[in-house]
Amino acid sequence: MPELPEVETYRRILERHATGKTIAAVSVRDAGVLAGVTSRALSGALRGRTVMGARRHGKIVFADLGPGPWLVLRFGMTGDLVPLGAGEEPRFARVVLRFLEGGGLAYTDARKFGSLALAVSPEAYLASGRIGPDVLAVAPAAFAREAARRRAPIKAVLLDQALLAGVGNLYADEALFQAGIHPATPASRIDAAGLSSLHAVVRRVIARAVAIEADWSRLPRRWLLPWRDAGGPCPHCGSPLRRLRIGGRTSVFCPSKQRRRR
DNA sequence: TTTCATGTTCAGCA
DNA sequence: GTGCTGAACATGAA
């Protein structure tokens, strides 16, 4: 279940369960999740290396293995990172790492939209893809300036990883809900102050979700997300929530709180 | 059986 | 070249 808050919990899992440990074995159960590397090359590059730590940028996790290439983990729609005891192997495990000291980690991904890759460094990897600054790190003015020249719906702009890395479909809906902005509003129709405050809302929403470790049972009941799937009433005004397809993704919003502008 | 899905990428069009 | 939209990817769950 990976947007930035979920991916941050994966980073912590990696840090907690792998830091200081040495990779003894790499089992690729489905090479379909490997990007730009063969099973053999991945195993060769990882075996014998010690995990020094883990970084995150947007929805991407980088495992620091000391001198040599970094391991890059992306989670697609259904990726997860699962700590393993001896002999365990979860459903949908695609790659399994076992540590010399015992235990292991499984990279699971039912739909296989995620990927594992090797990179010279996080910086090199990010520069070669089109990944913008992490949403928790970028300055509001920079976001407002960029977004103001887009004519696409604000919802699509929030999801553009080249502009803001880390915002996904669900938290984008939450932020627009809290900001009172209709998801189909052309970004260029929102003034600078509106874009800046939207940016602040996005950061607050994502920071809060990180703080509760992306545990949805702990989401505030006044948020949209607990009610989003049920199509249930707006937690503020009771209006039936509405759904709309924007930029190929489903948007859920409150038609009364988020009025359409054009 | 059909529809939908927390992401990314690419072809095609204006 | 630029910006935008929609399809495709592979698969499980409702």
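Biologist: Which residues of helix α2 (residues 39–46) are buried?

Modeller: This is a predicted model, in which local features need pLDDT of at least 70 and side-chain atom pairs count only at pLDDT 80 or more. Residues are numbered from 1 along each chain as its sequence is written. Buried means under 20% relative accessible area, exposed over 50%, with a 1.4 Å probe and protein chains only. In α2 the buried residues are Leu42, Ser43, Ala45 and Leu46.

Biologist: Which exposed residues does the face turned away from the buried side of α2 carry?

Modeller: The buried residues of α2 are covered by elements including β1 (23–28) and β4 (70–74). The face turned away from them carries the exposed residues Arg40 and Gly44.

Biologist: What do the buried residues of α4 pack against?

Modeller: In α4, Phe143, Ala144 and Ala147 are buried. They fall within an arc of 100° seen down the axis, so they line one face of the helix. With contact meaning heavy atoms within 4.5 Å, these buried residues pack against α5 (154–159) and α7.

Biologist: At roughly what angle do the axes of α4 and α7 cross?

Modeller: Axes are lines fitted to C-alpha atoms, for helices over the stretch in contact, and angles run from 0 to 180 degrees between N-to-C directions. The axes of α4 (residues 140–148) and α7 (residues 192–211) come within 9 Å and cross at roughly 125°.

How values were computed
Chains lettered and ligands numbered in written order. Heavy atoms only, no water. Helix = DSSP H or I, 4+ residues; strand = E, 2+ residues; numbered from the N terminus. Arc of directions from axis to C-beta.
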